[in-house]
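Please go through the chain below with this report at hand.

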Amino acid sequence: MPYVTPAPNPDSPTRDPITRWLLMVAALIVLMVVVGGFVRLSRAGLSIVEWDLVTGIVPPIGETAWQESFADYQQTPEYQYVNEGMSLSEYKRIFYYEWAHRLIARLAGLLVVAPLVWFMWKRKLGLRDSLPYWAVVALFGIQGAIGWIMVASGLRDRPAVSHFRLTIHLLAAVLLLGVVLWMALNRMRATRPPDPTETVTANTHRLTWVLMGALLFQLAYGGLVAGLKAGYLSNTWPDMFGRLIPSGILSEYEPWWRNLYEPLASHWIHRWFAFVVAALAIAVYSQFRRDGTGGPARLSAIWLVAAVAGQITLGIYVVLLGVPKWLALAHQGLGIIMFC
């Protein structure tokens with residue numbers, strides 16, 4: 001991706017309107033992920049059975065429109081196998097959850113496109129400099145398309161979305177968040193004078209990339225666990241079904257590697273790989289100390305170690321308490337914030 005034009009005010013980089021806009025977009029992405037988690041935990045994600053980009057902004061108006069929408073939902077596997085007998089008022093509640101999620105996504109898209117057009121009109125960005133930002137717009141569109149493909153997978157044969165598509169949807173959001181933050185930090189860094197105490201050695205740089213890969217792997221397995229509802233399998237910790245390594249973890253399905261994305265192994269891998277992430281976070285912080293690195297990099301490493309500890313604690317209590325909605329949502333939200 002081309003290097004972004006530096007912000008014009010070297011004394012206060014966060015006052016640069018483009019930087020502030022990018023940070024706002026990053027916050028919106030985090031909000032969308034958290035709201036998406038709430039919708040999933042509320043089993044509301046399949047309540048709207050069609051995607052109307054324009055007319056879908058307005059919910060059903062009048063009793064007839066609501067009855068028609070409810071009739072469409074009653075044809076889905078989720079109603080027939082999970083929510084049979086649901087009342088219209090109950091349907092309206094889950095409908096509005098999903099409708100709010102889609103509305104936030106539409107508003108986020110608008111808050112990406114409109115400021116970008118304004119920056120170009122005011123000549124704060126030229127055509128060539130604007131291309132990376134239009135790539136962000138394209139990624140938003142792709143993310144929306146993935147979201148609908150995910151929802152569609154739960155409207156045909158089974159009352160649940162594909163866990164693979166849910167994971168792809170989550171990782172696409174993480175990719176989008178990473179790109180936006182990278183662009184914002186690039187602009188901020190370009191306006192600050194170099195600080196020798198913030199120098200990062202090649203070894204530390206490689207170690208941080210390993211940590212990033214481990215964090216993405218853990219987030220991906222979190223998506224699988226959510227999609228498979230594997231968190232409900234066991235409410236004990238550290239054991240599962242009385243054993244640290246449950247029987248049949250790699251032999252329940254054939255071939256053996258298929259077990260790696262089925263509920264039992266997914267849950268087990270996700271709960272224990274968290275400690276690999278923790279070890280790497282501590283290693284990065286220790287490397288910063290040995291190198292004498294200071295400034296934001298070292299502070300970020302300290303924050304990350306604390307966040308990983310908090311995330312592991314949340315995860316354990318999510319298991320022990322049987323996946324309560326708000327605790328599970330906090331677990332998901334902190335996981336995304338850790339990536340920041």
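## A nonpolar patch on the surface

Val117, Leu127, Leu131 and Trp134 make up a nonpolar patch on the surface, and their accessible area together is about 380 Å². Patches are built from residues with over 30% relative accessible area and no salt bridge; like charges are joined within 9 Å, and nonpolar side chains (Val, Leu, Ile, Met, Phe, Trp, Tyr) within 5 Å. Areas come from the Shrake-Rupley method with a 1.4 Å probe, and for residues only the protein chains shown count as cover. Helix α5 gives the largest share of the patch, 3 residues. Helices here are DSSP runs (H or I, at least four residues), numbered from the N terminus. Leucine 127 lies in helix α5. Its relative accessible area is 62%, so leucine 127 is exposed. The cut-offs are under 20% for buried, over 50% for exposed, and partly exposed in between (1.4 Å probe, protein chains only).

This is a predicted model, in which local features need pLDDT of at least 70 and side-chain atom pairs count only at pLDDT 80 or more, while totals for chains, interfaces and linings use all residues. Residues are numbered from 1 along each chain as its sequence is written, and side-chain values use heavy atoms, with hydrogens and water left out.

## The nonpolar cores

Which residues of the largest nonpolar core touch the most other members? They are Trp21 and Phe140, in a core of 49 residues. Two or more residues each come from α1, α4 (88-121), α5 (127-152), α6, α7, α8, α9 and α10. A core is a set of buried Ala, Val, Leu, Ile, Met, Phe, Trp, Tyr and Cys residues joined through side-chain atoms within 4.5 Å. In soluble globular proteins, nonpolar side chains tend to be buried together.

Not counting residues up to four places away in sequence, tryptophan 21 touches Leu111, Val112, Pro115, Leu116, Phe119 and Tyr133. Contact means heavy atoms within 4.5 Å. There is also a second, separate core of 14 residues, Val35, Ile48, Tyr73 and Ile94 among them.

## Helix α10

Helix α10 covers residues 325-339. Its 15 residues should span 21 Å at 1.5 Å a residue, and its end C-alpha atoms are 22 Å apart, which agrees. The expected span is 1.5 Å times one less than the number of residues. Buried residues of α10 include Leu329, Ile336, Met338 and Phe339.

## Salt bridges

How many salt bridges does a search of the whole structure find? The search finds 4. Each one is a side-chain nitrogen of Lys or Arg within 4 Å of a carboxyl oxygen of Asp or Glu. Side chains of opposite charge can pair when their charged atoms come close.

| Pair | N to O distance |
|---|---|
| Aspartate 16 and arginine 187 | 2.8 Å |
| Glutamate 98 and arginine 102 | 2.8 Å |
| Arginine 258 and glutamate 262 | 3.1 Å |

The pair of aspartate 16 and arginine 187 links distant parts of the chain, 171 residues apart. Aspartate 16 sits in the segment before α1, arginine 187 in helix α6. Both are buried.

Arginine 102 and glutamate 98 both lie in helix α4, 4 residues apart, about one turn of the helix. Arginine 102 is buried at 7% relative accessible area, and glutamate 98 is buried at 5%.

Arginine 258 is partly exposed at 31%. Glutamate 262 counts as buried at 12%.

## Loops and backbone

Two cis peptide bonds deserve a look. One joins tryptophan 237 and proline 238, with omega about 10 degrees. The other joins glutamate 254 and proline 255, with omega about -5 degrees. Proline 238 lies in the loop between α7 and α8, and proline 255 is in the loop between α7 and α8 as well.

Alanine 230 is found in the loop between α7 (202-228) and α8 (263-291). Is alanine 230 buried or exposed? Its relative accessible area is 0%, so alanine 230 is buried. Leaving out residues up to four places away in sequence, alanine 230 touches Val225, Pro263 and His267.

Positive phi values turn up at residues other than glycine. Arginine 123, in the loop between α4 and α5, has phi near 65 degrees. Arginine 123 is exposed at 77%. Valine 323, in the loop between α9 and α10, has phi of about 60 degrees. Valine 323 counts as buried at 14%.
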